[in-house]
Amino acid sequence: MTQPSLPSPFARFRAETGVTQAVLADKSGVDQSRISRIEKGEAASQAEVDRLLDTLSQLGSKRAADYKAYAGRQWLQIEPPSFWNPELACLEIAEETLGKISEFLDNDERPWPLRRQIERHREAMLRASTFLTRLDHNLAFIGDMGVGKSTAISFIFDLLVPPALADKLINRPILETGGGGTTICEVHIKRGPEFGISIVPMTETELRELVADFCTAKWLGLSGDKRDNGEVLTVSREADRAIRNMAGLNRRRETLDGKVTWHDPVTDLARSCSTEEEFRTRILGLMGLEARTCREIWYDSTTRKNPMEWVTETFKAVNNGRLKDVSLPRSIDLIIPDFGRTFGEFTISVIDTKGVDDVAVREDLDARLKDPRTTIIFCSRFNDAPGTSTRILLQHMRQTFSEKLDSGKVSVLALPRAGEARAMKDDAGEAALTDAEGYEFKRIQVDGELSADGLGGVPMIFFNVEADKPEHIREELFTQISRMRKAVEARLFDLCAAV
């Protein structure tokens with residue numbers, strides 16, 4: 001395999017030792033302008049690399065010598081990991097062990113039962129090594145509609161417009177918030193070079209099926225009929241809203257004799273059609289799908305808007321189907337420069353899933369539960385914690401997957417409002433004196449309930465967006481990712497020992 005391609009480590013090592021480029025140039029004999037270019041990523045000769053690393057070691061850098069040894073290593077069995085990978089030592093042992101396995105299997109005289117056992121170990125080691133080599137992870141937030149999930153994500157990760165642009169603290173999130181039924185699809189927040197929004201649209205088949213359900217629901221509702229099986233067909237509030245916006249059929253507020261009423265042009269259109277098929281055709285025609293080809297929107301500084309304000313407004317327009325050249329999205333990516341820098345070497349994407357409004361395990365949620373690179377944060381109201389949907393999905397995981405629930409894969413995030421934590425009582429009936437004490441009472445209560453269902457060991461986090469510091473929550477989530485990686489690292493060490 002090829003050697004790892006990494007950003008220059010020299011600036012980092014130099015900063016750790018507290019020396020300037022001028023000092024490094026004087027001690028190493030490499031011109032300062034050359035050092036500057038190397039630190040910016042320009043290729044360096046092996047002689048220059050060795051000279052700089054040796055000098056940095058002499059100047060007190062503890063890791064420069066380690067990097068020199070790392071750079072000289074040949075990775076033949078697994079993809080070369082980053083020098084900054086926290087599981088590098090384990091991956092080095094795995095590389096050596098996999099090399100020994102290859103030598104062992106090269107001998108055709110090895111007994112086949114032993115060969116097969118070693119091959120199975122190799123396959124498991126390669127899977128674990130691939131997992132640990134990569135430094136990208138997802139944090140997926142799942143919760144019932146209206147629990148405050150999008151608001152919590154915005155405050156935890158500082159996805160907020162400046163205070164001067166919001167009249168209230170609660171109006172600062174860039175993610176659209178409301179009483180539930182707000183987000184039309186899964187939203188991903190990622191790091192990128194500039195502010196932007198990327199849209200993955202529904203396929204034509206998916207979109208036409210959704211519009212067909214919308215039209216059938218309105219058609220049957222107009223006639224008072226039901227489906228043959230007695231089922232009442234509906235579409236989600238967010239889908240209903242987006243289809244109306246795309247077709248220009250929003251309900252209109254009217255005042256007659258001092259009384260406010262809402263006029264529904266969808267009903268007028270349905271009444272003007274002789275068949276449901278005609279109704280559906282006219283809705284699709286009004287939506288103008290052939291012109292909805294835009295997939296990316298990038299911030300333009302000439303608008304003179306604050307970038308986060310622009311993201312807020314543009315996301316809301318996309319989410320509600322208000323842009324004439326954007327189709328109904330299957331997923332939306334919000335691209336934010338420097339997003340996730342607090343997670344260090346890791347590249348973290350945060351996923352805001354659609355709110356759960358049914359007891360069934362949705363396909364999109366099941367995919368997130370299965371994904372080994374995704375850490376799940378189940379969100380619930382404080383008083384309802386852990387929440388019905390959390391219990392159902394945890395039971396589903398326990399019955400479907402072999403992974404332990406305390407391995408870092410999942411946690412519960414309870415979202416208290418003012419006064420709720422201090423309303424908790426201890427065994428003697430005394431109310432909590434502080435929020436922290438109330439959180440602990442709730443933690444004990446929830447852990448007991450989950451343990452009774454065979455779901456014990458799930459970590460619990462509390463976050464009041466108006467009172468608690470988000471830095472602590474980010475640290476908790478990073479610890480959760482680290483715990484998930486350490487569980488894989490332990491398995492890999494065990495496999496190496498077994499081989």
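Leaving aside neighbours within four places in sequence, which residues is L334 in contact with? They are I174, L175, V187, H188, I189, K190, G196, I197, V311 and F315. Contact here means heavy atoms within 4.5 Å.

## The model

This is a predicted model, in which local features need pLDDT of at least 70 and side-chain atom pairs count only at pLDDT 80 or more, while totals for chains, interfaces and linings use all residues. Residues are numbered from 1 along each chain as its sequence is written, and side-chain values use heavy atoms, with hydrogens and water left out.

The chain has 499 residues, and 47% of them count as buried. Buried means under 20% relative accessible area, exposed means over 50%, and partly exposed lies in between (1.4 Å probe, protein chains only). The secondary structure comes to 17 helices and 11 strands. Both are DSSP runs, numbered from the N terminus: helices are H or I with at least four residues, strands are E with at least two. The C-alpha trace spans about 90 × 60 × 60 Å along its principal axes. Take the contacts between residues at least 6 apart in sequence: 71% of them join residues at least 24 apart.

L334 belongs to the largest nonpolar core, which has 71 residues. L334 is among those with the most contacts inside that core, together with L139, F141, F157 and I283. A nonpolar core is a set of buried Ala, Val, Leu, Ile, Met, Phe, Trp, Tyr and Cys residues joined through side-chain atoms within 4.5 Å. In soluble globular proteins, nonpolar side chains tend to be buried together.

## A covered helix

Helix α8 runs over residues 149-156 and is mostly covered. Eight of its eight residues are buried. They are K149, S150, T151, A152, I153, S154, F155 and I156. The cover includes strands β1 (136-143), β2 (186-191), β8 (347-352), β9 (374-381) and β10 (410-415), and helix α17 (470-498). Just after α8, D158 takes a positive phi of about 55°.

## A hairpin and some backbone details

Strands β4 (residues 252-256) and β5 (residues 259-263) run antiparallel, joined by five bridges. Two strands pair if DSSP finds at least two bridges between them. R252 has H263 in β5 as its bridge partner. Two residues lie between the strands of this hairpin, where D257 takes a positive phi near 55°.

R304 is not a glycine, yet has a positive phi of about 65°. R304 sits in the loop between β6 (296-298) and α13 (307-319), and counts as exposed because its relative accessibility is 81%. D338 also has a positive phi of about 65° without being a glycine. Its place is the loop between β7 (329-336) and β8. D338 counts as partly exposed, at 48% relative accessibility. A cis peptide bond joins A385 and P386, with omega about 5°. P386 is in the loop between β9 and α15.

The largest pocket has a volume of about 1100 Å³. It is lined by 29 residues, and I184, M202, K354, R362 and D364 lie nearest its centre. Elements giving two or more residues to this lining are β2, α9 (204-223), α10 (237-247), β7 and α14 (363-370). The lining divides into 11 nonpolar, five polar and 13 charged residues. Ala, Val, Leu, Ile, Met, Phe, Trp, Tyr, Cys and Pro count as nonpolar, Asp, Glu, Lys and Arg as charged, and the others, Gly among them, as polar.

The second largest pocket holds about 600 Å³ of space. Of its 22 lining residues, F131, P372, E403, V488 and R491 are the closest to its centre. Two or more residues come from each of α7 (112-133), α14 and α17. On a 1 Å grid over the protein atoms alone, a pocket is an open set of points with protein on both sides within 12 Å along at least five of seven lines, a cavity is a set where a 1.4 Å probe fits but cannot get out, and lining residues have an atom within 4 Å of a point. Grid points are joined across faces, edges and corners, and a volume is the space filled by probe spheres set on the points.

## One cavity

The structure holds one cavity of 30 Å³ or more. The largest cavity has a volume of about 40 Å³. Its lining is V356, D358, V359, A360, L365, S389, I392 and L393. Helix α15 (residues 388-400) gives the largest share, three residues.
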